[in-house]
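Colleague: Before I plan anything around this protein, I would like to go through the terms you use and hear what each of them rests on. Could we look at the model together?

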Amino acid sequence: MDPRVQNIVEKSMLEGLFRFDRAGGYKGALANFTSYEDARSYNLNITLPEGFFYGWVRTVGQEGVVIKALQQDKEIFLENDVLQWAKDSGGRFVSGDVILLSQGTEGFRLRQVPNLQGAVIVLNATTGAVEAMQGGFSFATSEFNRAIQA
């Protein structure tokens, strides 16, 4: 397998899963804690993709929400345009919510664990060699590897 191709396949499949899942609307906060100290121990027990982290909603205002990143202990302001897709589907945010976020080249994004799974296998058309393989979102959410077991 080619690590470069594998990295591209993994990122592309995750983005596709998130995009498709987002079309179904916001599922809500992962949990709610009255204090940041209580929230710091929150974990879904899944390996999060690179750049993903949990955030605790400290305050909700008219312009957006103030989030404290649970693992990095830093504050982030998310403007309403970042949250708009969730609000359009009836989602709302309250102080104490634990939400999933990512940080990439486009800035911070609200995320959610997709209900959808997927599989990708990339073959070399000349040799038939497997160049890359991705069998789902997370082994912790489903141990069924769609790439080799479906």
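Colleague: Which residues of helix 3 (residues 80-88) are buried?

Modeller: Please keep in mind that this is a predicted model. In helix 3, the buried residues are Asn80, Leu83, Trp85 and Ala86, and the word is used for a relative accessible area under 20%. Among the elements that cover these residues are helix 1, strand 3 (64-69), strand 4 (75-79) and strand 6. Just after helix 3 comes Gly90, with a positive phi of about 90°.

Colleague: Why is Arg111 called buried?

Modeller: Arg111 has a relative accessibility of 7%, and the limit for the word is under 20%, so Arg111 counts as buried. Arg111 lies in strand 6, where Glu15, Phe18, Phe52, Leu100, Leu101 and Ser102 touch it, leaving aside residues up to four places away in sequence.

Colleague: What makes the pairing of Arg111 with Ser102 a polar contact?

Modeller: The side chains of Arg111 and Ser102 are joined at 3.0 Å, and the cut-off for such a pair of N or O atoms is within 3.5 Å, so the pair qualifies as a polar contact.

Colleague: Which residues of helix 1 are buried, and what do they pack against?

Modeller: The buried residues of helix 1 are Val5, Gln6, Val9, Met13, Leu14, Leu17, Phe18 and Asp21, and they pack against strand 2 (52-60), strand 6, strand 7 (120-123) and strand 8 (130-134). As background, residues three or four places apart in an α-helix point the same way, because there are 3.6 residues a turn.

Colleague: What lines the largest pocket?

Modeller: Its lining has 17 residues, with Lys11, Glu15, Glu50, Phe52 and Arg111 nearest the centre, and about 340 Å³ of space lies in this pocket. Helix 1 gives the largest share of the lining, 6 residues.

Colleague: How many of the lining residues are charged?

Modeller: The lining of the largest pocket holds 7 charged residues, together with 6 polar and 4 nonpolar ones.

Notes: Residues numbered from 1 in each chain as written. Predicted model: local features only at pLDDT ≥ 70, side-chain atom pairs only at ≥ 80, totals over all residues. Heavy atoms only, no water. 1 Å grid on protein atoms, 1.4 Å probe; cavity = no way out; pocket = protein on both sides within 12 Å on 5 of 7 lines; lining within 4 Å. Points joined across faces, edges and corners; volume = space filled by probe spheres on them. Helix = DSSP H or I, 4+ residues; strand = E, 2+ residues; numbered from the N terminus. Nonpolar A, V, L, I, M, F, W, Y, C, P; charged D, E, K, R; others polar. Buried < 20%, exposed > 50% of the residue type's maximum accessible area, 1.4 Å probe, protein only. Contact = heavy atoms within 4.5 Å. Polar contact = N/O pair within 3.5 Å; in protein donor to acceptor, adjacent residues only side chain to side chain.
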